[in-house]
Protein chains: 2
Amino acid sequence: MYPETRSEMAVKHYRADKMLVAVDCVIFGFDGEALKLLLIKRGFEPQKSKWSLMGGFVQPKESLDNAASRILEQLTGLKGVFMEQLFAFGDPARDPMERTISVVYYALVDIGQYKKQLSEDFHAEWFPLSELPLLIFDHDQMVGTARERLQYKAALHPILFELLPGRFTIRQLLDLYESVYGKELDKRNFIRKLQSSGLIIRQKEKEKGSSKKGAFYFKLDKRKYSSSLRSFISFLPTKEIFQ
Amino acid sequence: MYPETRSEMAVKHYRADKMLVAVDCVIFGFDGEALKLLLIKRGFEPQKSKWSLMGGFVQPKESLDNAASRILEQLTGLKGVFMEQLFAFGDPARDPMERTISVVYYALVDIGQYKKQLSEDFHAEWFPLSELPLLIFDHDQMVGTARERLQYKAALHPILFELLPGRFTIRQLLDLYESVYGKELDKRNFIRKLQSSGLIIRQKEKEKGSSKKGAFYFKLDKRKYSSSLRSFISFLPTKEIFQ
DNA sequence: GCAAAAGTGTTCGCAGTACACCCATGA
DNA sequence: TCATGGGTGTACTGCGAACACTTTTGC
């Protein structure tokens, strides 16, 4: 309970309007070609059949994090996914129907793992970031903020592994970084930094689909990964970061 | 308007409980000695006369940013202060009286500028971060998150200038960095990086209070400062950041 | 044997670090 | 003249950047 203004401080109960509190999810995926976003076609008013982020209201006995996990699971069937609170959007006019605060989360999912059936129930589709449709309300702004955050965070912490399957090739990782930043990176320097980080472990098997020679699979060293998430590790050229 | 669950998608209006939405402010200041926090002694129930962050409810036609600015101004009399949304706290049990979502902001203020009178009205006091009292609800956690964010952000962007007056000495800036990170920094390297950033302009006047020789005042180059806030600039040793 | 992708090394330059002394002044 | 804090310079080194060729193998 908080005072609204100084003159109200003596009063025990303050006038305070309650509001709807929603959670919306910006869901990133990577299919080897481009970074994509999972959007749903709204099957309900207002703005029926427009594209939007997946969202829902926070339930009375549910934390924000739990609401976000629940909503993500509804759409993808996935639990335990990398997810982080992004920003709270609260412009009074953002939802024309009713005052609603939206706490936005972003998630990084292995696009191969999600349950396609669920997405079909929601008329969901993966859109490349370069070909996004117009979204309802302020969802475009949410996506913009999420993209900035992803670039920012991934420049300093190795979170992009979350977008790949458990076994991946260096080529896939490189392509991922290049599509997140829209820039070509030097393969040799990239690999060197990657290997010196000690985060990846080479497997015995090779991926043979995309080349004759075949490319070794790698796995993430999960211990090193967990402890490295808090420290700063970058596979990008420093000047990309420090401009 | 969002669906709560899939089964509700066909329904036009969904059951959704509204909640109180508050904004709390973590207000940092620096007095040349230590980094401090401005706390108020609650003059209202619950938890009357316990210490807490300054907060208030978001008004029906007010954005979150505006609510935060309003609340900060109520306590300090300051406008146009550096302020940033920190995090939304929404544990169902965080406020024992009623379900309340709190969107927390942190602010960096020039401690010499704030209106002491207003603070007295709220029974507010500046506390060194090392001597904080117990705070109500989850305000300790909010402060912890704010401290982490401040260290993180200031390691990459030159935001700590916001805590100093318009005219400052290098010594003050160095002391500030040292108190934010709780570490001693090499004066010569610090100055070199600072100067090579081109962010500060030496004034003609000297500060004569704390030494016989006197130390030049500097001012921030506001143009370079504005454009640099988005890029990465650090005056800290790289290994402090990249561990 | 050739096309296509995988994978590997070296050189150079600069930025970061460590480190110590002189300067100006008031008392 | 001395004590106090202000202010400057250098040498080293290690990391990041730029850059090109060899390897493997399926066709």
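Which residue of β10(B) is the bridge partner of B:I201? In this predicted model, the bridge partner of B:I201 is B:K219. The two strands concerned, β9(B) and β10 (residues 215-220) of chain B, run antiparallel and are joined by 5 bridges.

These strands belong to an open sheet of 3 strands in chain B, in which the order is β8-β10-β9 and the pairing is antiparallel. The edges of the sheet are formed by β8 (167-169) and β9 (200-207) of chain B; each has a single partner strand, so one side of each is left without a neighbour in the sheet. From one strand to the next, the twist averages 45°. Helix α4 (residues 170-181) of chain B lies across β8, β9 and β10 of chain B, and its direction is at about 75° to β8(B).

Another helix of chain B, α3 (residues 139-154), has 16 residues, which at 1.5 Å a residue should span 22 Å; the end C-alpha atoms are 22 Å apart, in agreement with this value. The buried residues of α3(B) are B:H139, B:M142, B:V143, B:A146, B:L150, B:K153 and B:A154. They cover an arc of only 100° around the axis, and therefore lie on the same side of α3(B). The elements covering the buried residues of α3(B) include β1 (20-30), β2 (35-41), β3 (51-52), β5 (82-89), β6 (100-109) and α4 of chain B.

In chain A, helix α1 (residues 64-76) was examined in the same way. Its 13 residues should span 18 Å at 1.5 Å a residue, and the end C-alpha atoms are 18 Å apart, which agrees. Buried residues in α1(A) are A:L64, A:A67, A:A68, A:R70, A:I71, A:L72, A:Q74, A:L75 and A:T76. After α1(A) comes A:G77, which has a positive phi, near 75°.

As a whole, chain A contains 7 helices and 10 strands. The C-alpha trace of chain A spans about 75 × 40 × 35 Å along its principal axes. Of the 243 residues in chain A, 54% are buried. Among contacts in chain A between residues at least 6 apart in sequence, 66% join residues at least 24 apart. An unreviewed UniProt entry annotates residues 18-150 of chain A as "domain: Nudix hydrolase". This span is 23% helix and 35% strand, and its end C-alpha atoms lie 32 Å apart.

Methods
Residues are numbered from 1 along each chain as its sequence is written. Chains are lettered from A and ligands numbered from 1 in the order in which they are written. This is a predicted model: local features need pLDDT of at least 70, side-chain atom pairs count only at pLDDT 80 or more; totals for chains, interfaces and linings use all residues. Side-chain values use heavy atoms; hydrogens and water are left out. UniProt positions are given in the numbering used here, feature names are shortened, and annotations may be inferred rather than shown by experiment. Helices (H or I, at least four residues) and strands (E, at least two) are DSSP runs, numbered from the N terminus. Two strands pair if DSSP finds at least two bridges between them. Axes are lines fitted to C-alpha atoms, for helices over the stretch in contact, and angles run from 0 to 180 degrees between N-to-C directions. Contact means heavy atoms within 4.5 Å. The expected span of a helix is 1.5 Å times one less than its number of residues. Buried means under 20% relative accessible area, exposed over 50%, partly exposed in between (1.4 Å probe, protein chains only). The arc is that of the directions from the helix axis to the C-beta atoms.
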